[in-house]
There are 2 protein chains.
Amino acid sequence: MMKDEASMIIPTFDDVIAAHDRIRPHIHRTPVLTSSYLNELTGAELFFKCENFQKAGAFKVRGASNAVFGLSDDMLEKGVATHSSGNHALSLSYAAGRRGIPCHVVMPRTAPQAKKDAVIGYGGIITECEPSTSSREAVFTEVQERTGANFVHPYNDPRVIAGQATCSRELIEQTEGLDAVIAPIGGGGMISGTCLTLSNVAPEVRIYAAEPKNADDAARSFRAGKIIADDAPNTVADGLKVPLKELTWHFVEKHVTDIQTATEQEIIDAMLLTWQRMKIVIEASCAVPLACILNNPDVFRGKRVGVVITGGNVDMKTLPWI
Amino acid sequence: MMKDEASMIIPTFDDVIAAHDRIRPHIHRTPVLTSSYLNELTGAELFFKCENFQKAGAFKVRGASNAVFGLSDDMLEKGVATHSSGNHALSLSYAAGRRGIPCHVVMPRTAPQAKKDAVIGYGGIITECEPSTSSREAVFTEVQERTGANFVHPYNDPRVIAGQATCSRELIEQTEGLDAVIAPIGGGGMISGTCLTLSNVAPEVRIYAAEPKNADDAARSFRAGKIIADDAPNTVADGLKVPLKELTWHFVEKHVTDIQTATEQEIIDAMLLTWQRMKIVIEASCAVPLACILNNPDVFRGKRVGVVITGGNVDMKTLPWI
């Protein structure tokens with residue numbers, strides 16, 4: 001890790017190597033799948049890095065495991081804490097369970113019961129808040145003060161970014177001669193990890209971020225040259241509603257070639273197409289890259305493109321095309 | 001091939017080797033996936049042979065390709081024909097398209113438009129019939145007489161069975177020390193192929209067939225010692241409604257350890273569980289084996305069990321749990 005001028009702690013590629021060694025026993029080296037149908041449709045050669053097959057169903061387990069298994073012995077008893085209603089909460093609960101330490105999760109009481117059950121299933125301890133930022137922050141502060149647990153932010157944390165960076169490290173080992181990698185962007189943890197790895201081991205590979213048009217704060221930030229955060233964007237890609245923070249902005253600003261967007265209907269169509277043609281279950285969030293590739297054929301035609309499928313935790317009772 | 005006393009042509013393991021060499025350029029060697037969650041749930045070690053990732057979305061492309069690519073030159077011009085509203089029609093169209101020969105498919109006019117579109121997409125030529133056995137047979141006879149096409153039965157055909165047998169040949173190469181293999185049974189093509197391969201290369205491996213309780217003609221045939229065919233069983237596992245025929249009965253009677261059954265709800269639950277936990281799209285038909293494993297824990301506990309996931313062609317608009 002190194003400090004930059006604003007005294008943020010910036011993870012380095014040495015941290016990625018250390019993270020990979022640390023988390024390897026707790027994660028899958030997920031497969032890279034291809035689809036001749038989607039190659040024909042896009043005119044590109046697509047290599048799907050399938051983190052939907054990852055432990056706990058998403059790439060987030062990489063960063064969460066790196067944080068949990070990197071804790072020093074004196075921090076174990078108090079455990080970890082986070083606020084999240086999504087895959088980070090699941091992943092942190094999973095990792096904490098593997099290490100046998102407590103994991104405190106602040107979740108809105110309105111979060112789907114299935115998500116709460118999944119967190120509890122991995123051993124997480126839920127404290128409910130009201131579905132507002134102010135309530136979430138107040139409840140989280142109370143939980144952290146009461147428990148003394150180590151806060152693991154879903155993305156604005158150097159340990160988390162170093163962990164997520166192991167995903168594109170595997171992708172680059174599994175797939176030769178990539179021209180570009182495209183991944184969804186919400187808070188920017190996956191994209192930052194991708195930047196961290198590729199800028200070190202394959203700086204010639206272009207990095208594209210894919211965002212819902214309905215939650216395009218990262219695309220607008222990119223054009224404006226500073227972080228723009230929206231209050232409560234609404235999109236089917238529910239993992240991508242959160243804004244960039246200073247640490248992820250550092251990587252996005254420095255290494256991303258472009259941030260592309262897709263409409264809700266384009267995202268749903270790309271999600272359905274992936275289920276139908278590739279026979280894999282992916283979240284709406286990770287259909288955004290394919291939707292953007294279909295929207296920008298000239299950018300990707302003839303190129304070898306890594307596509308990060310970030311997760312597969314889907315509520316099967318409410319599919320967006322039904 | 002060899003003739004038995006009733007002058008059926010019975011495929012041999014040499015036919016399987018020849019089939020595998022013949023079809024290898026046209027099929028995927030599909031992966032074998034595992035799920036630590038399902039292993040814990042069942043107490044068995046399950047190895048899922050994922051033919052949902054197969055070309056045209058199902059194992060049927062193995063048998064269809066073997067028939068199509070085994071045709072002699074003088075038979076090419078007239079092409080192939082079949083009656084099917086399911087994966088065999090798709091697969092035969094795919095294989096015929098790869099060889100550049102006509103493929104005539106008789107389908108009920110009431111078949112889902114998505115299935116018709118898929119057959120047409122692969123280049124198949126559809127002739128519609130009424131949704132009754134008598135109409136189907138009459139129309140098929142007319143088509144065959146008019147075109148002179150070679151009839152490729154969905155399962156009661158030695159070329160088809162030799163082709164399906166390549167699936168368990170791969171499974172046994174990919175997975176060491178299997179105690180048992182379980183696969184769905186409808187007409188018995190996959191199970192017959194499994195019997196053909198395993199009885200030759202791994203006779204110690206037990207073979208279980210899995211059938212919907214609502215269409216349990218194979219299980220009743222097995223107990224009665226003769227083929228019992230139902231007229232029109234109704235089950236969510238729509239690939240498994242057809243009865244055994246003499247060729248598949250030959251293999252089932254000789255090599256199958258048991259035929260187990262599952263209710264409609266058990267099948268739907270196992271299908272949903274697979275989608276949720278393994279993040280793969282599978283048909284209701286190939287959820288029947290997992291449902292049967294869950295129904296018969298004492299049979300499979302502690303065993304290494306190959307599970308054939310036969311296909312992934314699902315109508316995403318009408319999922320059985322919604």
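Five bridges tie β10(A) to β11(A), and the two strands run parallel. That's a handy way into this model, which is predicted: local features need pLDDT of at least 70, side-chain atom pairs count only at pLDDT 80 or more, and totals for chains, interfaces and linings use all residues. Residues are numbered from 1 along each chain as its sequence is written, while chains are lettered from A and ligands numbered from 1 in the order in which they are written. Helices (H or I, at least four residues) and strands (E, at least two) are DSSP runs, numbered from the N terminus.

**The six-stranded sheet of chain A**

- β10 and β11 belong to an open sheet of six strands in chain A, with the order β3-β4-β12-β9-β10-β11 and mixed pairing. Two strands count as paired if DSSP finds at least two bridges between them.
- The edges of this sheet are β3 (32–33) and β11 (258–262) of chain A, each of which pairs on one side only.
- β11(A) has four of its five residues buried, so it is largely enclosed by the rest of the structure. Here "buried" takes 20 or more other C-beta atoms within 10 Å of a residue's own, "exposed" takes 12 or fewer, and "partly exposed" is in between, with C-beta atoms placed from the backbone.
- β10 (residues 206–212) of chain A also pairs with β9 (residues 180–184) of chain A, in parallel and over five bridges. Within that pairing, Ala180(A) has Arg206(A) of β10(A) as its bridge partner.
- Helix α9 (residues 217–224) of chain A lies across β10 and β11 of chain A, and it runs at about 145 degrees to β11(A). For such angles, axes are lines fitted to C-alpha atoms, for helices over the stretch in contact, and the values run from 0 to 180 degrees between N-to-C directions.

**The four-stranded sheet of chain A**

- Chain A has another open sheet, this one of four strands in the order β7-β6-β5-β8 with parallel pairing. β7 (125–129) and β8 of chain A are at the edges with a single partner strand each, so one side of each has no neighbour in the sheet.
- In a regular strand, side chains alternate between the two faces of the sheet. Strand β5 (residues 80–83) of chain A is covered on both faces: Val80(A) and Thr82(A) are buried on one side, and Ala81(A) and His83(A) are buried on the other.
- Four bridges link β5(A) with β6 (residues 103–108) of chain A in the parallel sense, and Val105(A) in β6(A) is the bridge partner of Thr82(A).
- β5(A), helix α4 (residues 87–99) of chain A and β6(A) form a right-handed β-α-β unit. Right-handed here means that, with the strands pointing away from the viewer, the path from the first strand over the helix to the second runs clockwise.
- β5(A) also runs parallel to β8 (residues 150–151) of chain A, joined by two bridges.

**A helix pair in chain B**

- Helices α1 (residues 13–23) and α7 (residues 158–174) of chain B have axes that come within 8 Å and cross at roughly 80 degrees. α1(B) and α7(B) are therefore roughly perpendicular to each other (under 35 degrees is roughly parallel, over 145 roughly antiparallel, 65 to 115 roughly perpendicular, and the rest oblique).
- Among the residues making this contact are Val16(B) and Ala19(B) of α1(B) and Ala162(B) and Ala165(B) of α7(B). Contact means that the C-beta atoms of two residues, placed from the backbone, lie within 7 Å.

**Where the chains meet**

- The contact uses 14 residues from chain B and 14 residues from chain A.
- Chain B's side of it has eight nonpolar, four polar and two charged residues. Ala, Val, Leu, Ile, Met, Phe, Trp, Tyr, Cys and Pro count as nonpolar, Asp, Glu, Lys and Arg as charged, and the others, Gly among them, as polar.

**Residues to look up**

- Ala56(B) isn't a glycine, yet it has a positive phi of about 60 degrees. You'll find Ala56(B) in the loop between β4 (45–50) and α3 (60–69) of chain B, and it counts as buried with 25 C-beta neighbours inside 10 Å.
- Lys279(B), also not a glycine, has a positive phi of about 60 degrees. Lys279(B) is in the loop between α11 (264–278) and α12 (288–295) of chain B.
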